[in-house]
Protein chains: 2
Amino acid sequence: MPAKWCICDTLNHLPAPYYRLAMTAAGKHQVSRTDTTRRGGRQGGRAGIRDVAAAAGVSITTVSDALNGKGRLPDATRRHVREVAERLGYRPSAAARTLRTGKSGLIGLTVTTYGDEPFTFTEFAYFAEMARAATSAALARGYALVILPATSQHDVWSNVALDGTVVVDPSDHDPVVTELVRQGLPVVSDGRPAGTLPVTAWVDNDHEAAVLDLLDHMAEAGARRIGLLTGTTTDTYTRLSTTAYLRWCERVGQDPVYESYPAHDPCAGAVAADRLLARPDRPDAVYGLFDPNGTDLLAAARRYGLRVPDDLLLVCCSESMVYAATEPPITTLSLKPRRIGTAVVQLLIDAIEGVETDGPLERVIPTELIVRTSSQRRPPRTTVSAPRSPSSDRP
Amino acid sequence: MPAKWCICDTLNHLPAPYYRLAMTAAGKHQVSRTDTTRRGGRQGGRAGIRDVAAAAGVSITTVSDALNGKGRLPDATRRHVREVAERLGYRPSAAARTLRTGKSGLIGLTVTTYGDEPFTFTEFAYFAEMARAATSAALARGYALVILPATSQHDVWSNVALDGTVVVDPSDHDPVVTELVRQGLPVVSDGRPAGTLPVTAWVDNDHEAAVLDLLDHMAEAGARRIGLLTGTTTDTYTRLSTTAYLRWCERVGQDPVYESYPAHDPCAGAVAADRLLARPDRPDAVYGLFDPNGTDLLAAARRYGLRVPDDLLLVCCSESMVYAATEPPITTLSLKPRRIGTAVVQLLIDAIEGVETDGPLERVIPTELIVRTSSQRRPPRTTVSAPRSPSSDRP
DNA sequence: TGATCATGCAGAAACGTGCCTGCCAAGTGG
DNA sequence: CCACTTGGCAGGCACGTTTCTGCATGATCA
């Protein structure tokens with residue numbers, strides 16, 4: 001007889017405690033159900049809220065109230081129920097709770113996919129750092145992150161109940177974003193949305209100011225002709241940074257010198273770096289927009305016999321610590337992905353839980369230029385006389 | 001009159017089509033419900049399966065069968081229902097489906113946490129690569145990954161309905177793993193489980209063989225005394241690699257020369273590399289167990305005026321591409337995290353969907369030694385005569 | 001012609017919670 | 001003594017699916 005408690009006509013043969021259990025656990029409306037076969041049949045093994053109610057001799061409502069801290073219950077009952085639940089190893093069903101409350105505690109994090117399989121996951125340390133901070137911030141507030149592809153893999157998106165989504169660098173009229181907004185879910189983007197994308201909020205750096213500042217820094221260090229290593233991709237970061245470079249060139253009256261390559265190709269960067277330094281109008285300083293550009297440019301400089309920073313100033317945008325240990329150490333621009341990931345998640349959870357804010361909420365995170373040897377010339381007083389042979393300027 | 005269909009006593013006043021809708025959509029058991037206020041009251045705005053059934057003039061069952069490709073339906077009905085569902089923008093509720101079917105399509109991925117906040121997310125490129133491959137493999141089979149902390153943050157774990165979990169390098173008697181197994185969920189670990197941890201399956205490299213092979217490679221390249229840069233952590237990878245090193249030393253009759261440091265401290269690695277090269281019994285070859293050790297050792301070698309590979313052979317375990325572009329390029333041992341991430345997810349989903357396998361299933365992924373300049377001495381035939389001054393050998 | 005069978009669908013029972021409603025008893029003021 | 005509050009709990013509906021069961025209807029066959 002595996003059934004701990006039953007209700008059939010043998011009820012009055014049971015001793016008093018069992019009788020009470022049966023009375024409180026199963027109301028008259030449940031008599032028609034075959035409770036014995038369901039629970040008694042050892043199905044799944046997980047204890048439900050009904051089992052807790054039966055074991056504690058109270059109703060389902062009381063168990064729910066006791067565990068969730070609601071209702072009007074004396075502390076004695078509350079403790080008793082909690083203890084019984086603990087003893088049975090009761091875990092509330094997340095699916096049932098989600099269905100009932102409408103909140104799942106899950107927030108999506110889109111990863112952009114190049115081509116079919118791969119993701120910009122570790123391509124650049126930026127995303128890894130950002131995702132790490134986002135995960136941490138979400139967990140601190142009781143949410144978990146779900147990694148989802150930015151493509152409209154429809155089945156996967158609709159198979160998971162999300163409370164909101166973080167999108168990384170959404171494209172112009174992102175179908176995923178519009179679909180999510182249509183469903184009434186808040187969407188916060190890393191990177192300001194292009195066009196009229198209806199995001200709830202967004203977080204970004206001031207990329208133009210960062211590039212202008214950085215170019216000024218290199219010019220101050222003695223750069224005469226600054227080159228750019230950029231991407232063929234059309235995302236906002238690349239676009240804003242490149243136009244800022246072109247604006248700066250126009251302002252100081254320098255001809256733009258840049259090479260662009262598909263940023264998702266791990267090998268194309270080194271080739272483009274080579275192209276840039278092989279040009280007849282070779283720059284004497286280069287800013288690389290993407291993470292691996294620093295090492296690529298350094299290797300290319302060695303191949304051409306250029307000393308860094310004496311013959312070539314180098315700055316790249318990266319979050320990687322390796323640039324502190326290269327020879328020489330390379331100046332990097334940090335976009336502060338941790339702060340961005342944290343801010344994005346905070347804004348999203350605020351939108352999920354909090355009041356409706358009118359209009360998109362924006363937050364700009366300051367960048368940080370970590371100045372190392374590669375962008376610092378020897379003290380300029382030596383440059384005043386004749387350090388770089390003028391013959392190289394007029395051949 | 002916002003209600004598209006109603007059931008009250010005005011039913012027989014409706015024209016024929018509406019009558020059919022009302023009849024098929026709402027059975028007699030639903031008359032007592034206030035359907036009009038629920039759906040008609042514009043609540044949430046999302047269309048449910050009932051709305052689709054009503055709009056298509058069929059029953060809920062037919063809608064479910066038509067959309068899921070089950071049941072015996074003529075293609076005409078199937079197409080009609082699909083079209084109506086599309087027109088209404090119907091998306092099935094993931095929570096309800098999960099509750100009913102017991103499968104959520106979500107699998108957990110644990111990230112180990114050092115201290116409070118941070119995770120081993122980008123600490124070493126290994127995890128990022130592995131997580132990327134795991135995400136990709138999961139999505140290809142219709143699952144999504146949920147990032148969860150390895151600590152027993154109890155609320156977060158029980159608030160998400162998982163079908164299974166991937167654990168990375170579980171500790172000896174991991175409470176999370178035992179809890180998950182107790183709930184009947186499959187658990188697959190990256191890294192062979194220590195002790196009697198009851199995982200469903202595991203994937204790992206043959207770390208001992210890899211280290212022995214690698215040390216042989218260095219000895220073959222002329223190393224007389226090989227040092228080790230290792231960690232104070234007690235995880236399986238560190239333990240197996242270190243004992244393999246010690247066994248190798250014993251076999252070839254060399255005194256072990258190693259320094260260990262807390263691997264989660266981003267600065268301690270450089271300090272330990274310095275310590276290792278400052279020892280009186282300075283090694284002429286070093287293997288670094290962790291990702292950043294290569295650049296740290298290279299920087300330390302420069303500080304001590306040691307040329308690589310002439311005075312010091314270097315190998316480190318890393319997945320980073322930067323070691324192809326350093327000066328000189330550094331030989332790395334790759335643990336093939338992509339293959340591991342893919343294998344782990346495949347095994348897990350097989351366990352979720354497939355038949356029960358008896359006993360833990362194990363899969364060993366081969367490692368790859370990417371030989372670069374840092375572990376190759378000049379061609380040995382030159383060494384036969386007198387390329388390196390013999391004075392350095394007998395001072 | 002009646003029995004059998006495949007077809008095309010509708011009814012309704014779950015899945016496990018949360019919470020609204022409401023009943024009963026005990027105290028409390030008039 | 002009665003209305004009235006208040007504490008302490010039980011009943012039961014609803015969340016939105018999936019799926020088992022079963023009822024018609026026409027076709028086929030003995």
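1. In this predicted model, B:Pro328 is found in the loop between E9 and E10 of chain B, and the peptide bond that joins B:Glu327 to B:Pro328 is cis, with omega at about -5°.

2. The strands E9 and E10 belong to an open sheet of 6 strands in chain B, whose order is E7-E6-E8-E9-E10-E12 and whose pairing is mixed. As background for a reader new to sheets, strands pair through backbone hydrogen bonds, and they may do so in a parallel or an antiparallel way. The edges of the sheet in chain B are formed by strand E7 (257-261) and strand E12 (368-370), each of which pairs on one side only. If direction is ignored, neighbouring strands of this sheet are turned against each other by 15° on average.

3. Which strands does helix H11 of chain B touch as it packs on the sheet? Helix H11 (residues 236-252) of chain B is in contact with strand E6 (226-231), E7, strand E8 (285-288) and E9 of chain B, and the direction of this helix makes about 160° with that of E6(B). Helix H12 (residues 268-278) of chain B, in turn, lies across E6, E7 and E8 of chain B, and H12 runs at about 160° to E7(B).

4. Turning to chain A, one finds an open sheet of 6 strands with mixed pairing, and the order there is E7-E6-E8-E9-E10-E12. At its edges stand E7 and strand E12 (368-370) of chain A, and because each has a single partner strand, one side of each is left without a neighbour in the sheet. The twist from one strand to the next averages 15°. Inside this sheet, E8(A) and strand E9 (residues 313-317) of chain A pair in the parallel sense over 4 bridges, with A:Ala285 standing opposite A:Leu313 in E9(A). Helix H11 (residues 236-252) of chain A packs on the sheet and touches strand E6 (226-231), E7, E8 and E9 of chain A, while its direction makes about 160° with that of E6(A).

5. Two places in the backbone of chain A deserve a careful look. A cis peptide bond, with omega at about 5°, joins A:Val308 and A:Pro309, and A:Pro309 is placed in the loop between H13 and E9 of chain A. Elsewhere, A:Asp169 has a phi near 50°, which is a positive value in a residue other than glycine; this residue lies in the loop between strand E3 (164-168) and helix H9 (175-182) of chain A.

6. Aromatic rings are a further point to check, and a pair of them is described by the distance of the centres and the angle of the planes. Over all chains the count of aromatic pairs comes to 4. In one of them, A:Tyr261 and A:Phe290 have ring centres 6.2 Å apart and planes at 85°, so the pair is edge-to-face. Because A:Tyr261 lies in strand E7 (residues 257-261) of chain A and A:Phe290 in the loop between strand E8 (285-288) and helix H13 (293-303) of chain A, the pair ties together parts that are 29 residues apart in sequence.

7. How are the two chains related to each other? Chain A can be laid on chain B with an RMSD of 0.2 Å by a turn of 180° and a shift of 0.1 Å along the axis, and so the relation is that of a two-fold axis. In chain A, the C-alpha nearest the axis belongs to A:Val146, at 2.2 Å from it. The same surface serves both copies, for 98% of the contact residues of chain A recur in chain B.

8. A contact between the chains can be followed at helix H6 (residues 94-101) of chain A and helix H6 (residues 94-101) of chain B, which pack at an angle of about 145° with their axes 8 Å apart. Their crossing is left-handed. Here A:Ala95, A:Ala96, A:Thr98 and A:Leu99 meet B:Ala95, B:Ala96, B:Thr98 and B:Leu99, and by class the contact has 6 nonpolar, 2 polar and no charged residues.

Key:
Residues are numbered from 1 along each chain as its sequence is written. Chains are lettered from A and ligands numbered from 1 in the order in which they are written. This is a predicted model: local features need pLDDT of at least 70, side-chain atom pairs count only at pLDDT 80 or more; totals for chains, interfaces and linings use all residues. Side-chain values use heavy atoms; hydrogens and water are left out. Axes are lines fitted to C-alpha atoms, for helices over the stretch in contact, and angles run from 0 to 180 degrees between N-to-C directions. Helices (H or I, at least four residues) and strands (E, at least two) are DSSP runs, numbered from the N terminus. A crossing is left-handed if the near helix is turned anticlockwise from the far one by less than a right angle, and right-handed if clockwise. Contact means heavy atoms within 4.5 Å. Ala, Val, Leu, Ile, Met, Phe, Trp, Tyr, Cys and Pro count as nonpolar, Asp, Glu, Lys and Arg as charged, and the others, Gly among them, as polar. Copies are superposed by least squares on the C-alpha atoms of residues with pLDDT of at least 70 in both. Two strands pair if DSSP finds at least two bridges between them. Rings of Phe, Tyr and Trp (its six-membered ring) pair if their centres lie within 6.5 Å; planes under 30 degrees apart count as stacked, over 60 as edge-to-face and the rest as tilted.
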